[in-house]
Amino acid sequence: MNIKITGTGSYIPNTIEKNENFYNHEFLTADGTSIEASNEVIVEKFKSITGIAERRYAKSHLNASDLGFFAAEKAIENANIDPETIDYIIVAHNFGDVKHDAIQSDMLPSLASRIKHSLRIKNPKCVAYDLLFGCPGWVEGVIQAKAFITSGMAKRCLVIGTETLSRVVDKHDRDSMIFSDGAGATLIEATDETGGILAHETASYTYDEAYYLFFGSSNNKDLPKDTRYIKMEGRKIYEFALINVPQAMKTCLDNSGANIKDVKKIFIHQANEKMDEAILKRFYRLYKTEIPEHVMPMSIQKLGNSSVATIPTLFDMVKNNKMENHNLNKGDVVIFASVGSGMHINAIVYKC
């Protein structure tokens with residue numbers, strides 16, 4: 001028995017928010033003072049670091065659970081399965097359903113329950129629950145699905161990553177330009193086919209690093225202090241990722257039995273173009289080998305950082321030949337790797 005991804009789906013919102021749309025924003029420092037540089041300079045510097053030229057925002061009437069439902073529908077259709085046969089629905093997110101122009105997160109009932117309801121699944125034995133694990137949530141959901149299937153508790157799991165980060169950003173913070181909305185979904189199941197999940201690795205660094213991402217007040221001190229937005233220590237996250245993610249990937253690959261030369265694609269959480277490129281360089285340096293051409297597909301330039309949705313969306317795009325210079329064939333070895341709030345890191349080595 002092998003545990004494989006048998007179906008994928010994603011939902012990419014239609015609303016495109018380009019960098020030029022931030023020229024009229026009032027960006028402030030964390031202490032509320034004005035930034036001397038013009039917005040054009042701020043935005044151009046931002047693009048040079050993150051690689052982001054545009055991002056996607058959900059329509060005002062749609063919430064994270066809606067996006068997750070759309071992606072789940074596509075994954076179920078792609079896998080060609082009866083949704084009543086799904087044993088677990090695992091939904092990774094971080095902020096629940098945040099309605100447009102609202103200030104409160106809604107997680108009652110859970111997003112997984114909402115998505116199961118929208119899928120019209122009657123089977124009460126299909127267990128639906130949410131997973132809060134920062135940006136690595138979808139990867140961790142796949143690892144949990146593998147555990148359920150390996151233990152005999154399940155045969156088929158639906159793992160979804162969905163988020164509307166555009167609704168929890170502080171518009172006076174330059175970091176607000178990083179975040180976006182989207183959803184990705186995958187069916188994970190036991191199969192007699194060759195390949196599947198070869199190894200996985202997870203770690204939580206919470207002693208000194210737990211609050212590198214947090215909820216904080218707006219940089220605009222005239223706004224209510226009790227209204228909170230996503231905030232981050234960008235430099236600390238960058239340094240943390242470069243130290244820990246490549247090593248986790250190496251440990252995972254070594255445990256899988258696959259060779260570094262077997263790796264066809266590496267799907268890294270789309271957080272920051274420069275950071276992901278640096279992670280890749282350090283990973284291959286651990287094996288003292290050159291980086292193969294086109295080994296790391298990137299979507300952040302057009303889609304921004306949609307947290308838990310970035311990897312399943314990217315995988316779905318490559319799997320369905322929607323990215324130039326990237327494709328997958330049966331037997332290809334790939335690595336999924338992520339880092340995010342908590343601070344958590346994880347990796348999976350997977351054979352298509």
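A quick caveat before going on: the model is predicted.

**H2 against H3**

- Helix H2 covers residues 64-79, and its axis lies 9 Å from that of H3 at an angle of about 50°.
- As for handedness, the crossing of H2 past H3 is right-handed.
- On the H2 side, the contact uses Ala 64, Ser 65, Gly 68, Phe 69 and Ala 72, and they meet Leu 111, Arg 114, Ile 115 and Ser 118 of H3.
- Sorted by class, that contact holds 5 nonpolar, 3 polar and 1 charged residues.

**H5 against H6**

- H5 (residues 234-256) and H6 have axes that come within 9 Å and cross at roughly 40°.
- That angle makes H5 oblique to H6.
- H5 goes past H6 in a right-handed crossing.
- From H5, the contact takes in Ile 237, Tyr 238, Ala 241, Leu 242, Ile 243, Val 245, Pro 246, Gln 247, Met 249, Lys 250 and Leu 253. H6 answers with Lys 274, Met 275, Ala 278, Ile 279, Arg 282, Phe 283 and Leu 286.
- The split by class is 14 nonpolar, 1 polar and 3 charged residues.

**Nonpolar cores**

- In soluble globular proteins, nonpolar side chains tend to be buried together.
- The largest nonpolar core here has 53 residues, and Met 249 and Ile 266 touch the most other members.
- At least two residues of this core come from each of helix H1 (39-50), H5, strand S13 (263-268), H6, S14 and S15.
- H5 is the top contributor to this core, giving 9 residues.
- Leaving out residues up to four places away in sequence, Met 249 touches Ile 266, Ile 279, Phe 283, Ile 335, Ala 337 and Ala 347.
- A separate core of 32 residues lies apart from that one, and its members include Tyr 88, Phe 133, Ile 188 and Cys 352.

**Buried loop residues**

- Ser 180 is in the loop between strand S8 (156-164) and S9.
- Ser 180 has 0% relative accessibility, so it counts as buried.
- Setting aside residues up to four places away in sequence, Ser 180 touches Arg 55, Arg 56, Tyr 57, Glu 163, Thr 164, Leu 165, Ser 166, Leu 303, Gly 304, Asn 305 and Ser 306.
- Gly 195 belongs to the loop between strand S9 (181-191) and strand S10 (196-204).
- Gly 195 is also buried, because its relative accessibility is 14% and the cut-off is under 20%.
- With residues up to four places away in sequence not counted, Gly 195 touches Asn 2, Lys 4 and Lys 351.
- Gly 195 and Val 168 are 27 residues apart along the chain, and 39 Å separates their C-alpha atoms.

- As background, most residues other than glycine have a negative phi, and most peptide bonds are trans.
- Leu 108 and Pro 109 are joined by a cis peptide bond, with omega about 0°. Pro 109 is in the loop between strand S6 (105-106) and helix H3 (111-118).
- There's also a cis peptide bond between Gly 342 and Met 343, where omega is about -5°. Met 343 is in the loop between strand S14 (333-340) and strand S15 (344-351).
- Lys 288 isn't a glycine, yet its phi is positive, near 55°. You'll find Lys 288 in the loop between helix H6 (273-286) and helix H7 (300-303), and its relative accessible area of 79% makes it exposed.
- Asn 321 is another non-glycine with a positive phi, about 55°. The loop holding Asn 321 runs between helix H8 (310-319) and S14, and at 55% relative accessibility Asn 321 counts as exposed.

Technical notes: Residues numbered from 1 in each chain as written. Predicted model: local features only at pLDDT ≥ 70, side-chain atom pairs only at ≥ 80, totals over all residues. Heavy atoms only, no water. Helix = DSSP H or I, 4+ residues; strand = E, 2+ residues; numbered from the N terminus. Buried < 20%, exposed > 50% of the residue type's maximum accessible area, 1.4 Å probe, protein only. Axes fitted to C-alpha atoms, helices over the stretch in contact; angles between N-to-C directions. Parallel < 35°, antiparallel > 145°, perpendicular 65-115°, else oblique. Left-handed = near helix turned anticlockwise from the far one by under 90°. Contact = heavy atoms within 4.5 Å. Nonpolar A, V, L, I, M, F, W, Y, C, P; charged D, E, K, R; others polar. Core = buried A, V, L, I, M, F, W, Y, C linked by side-chain atoms within 4.5 Å.
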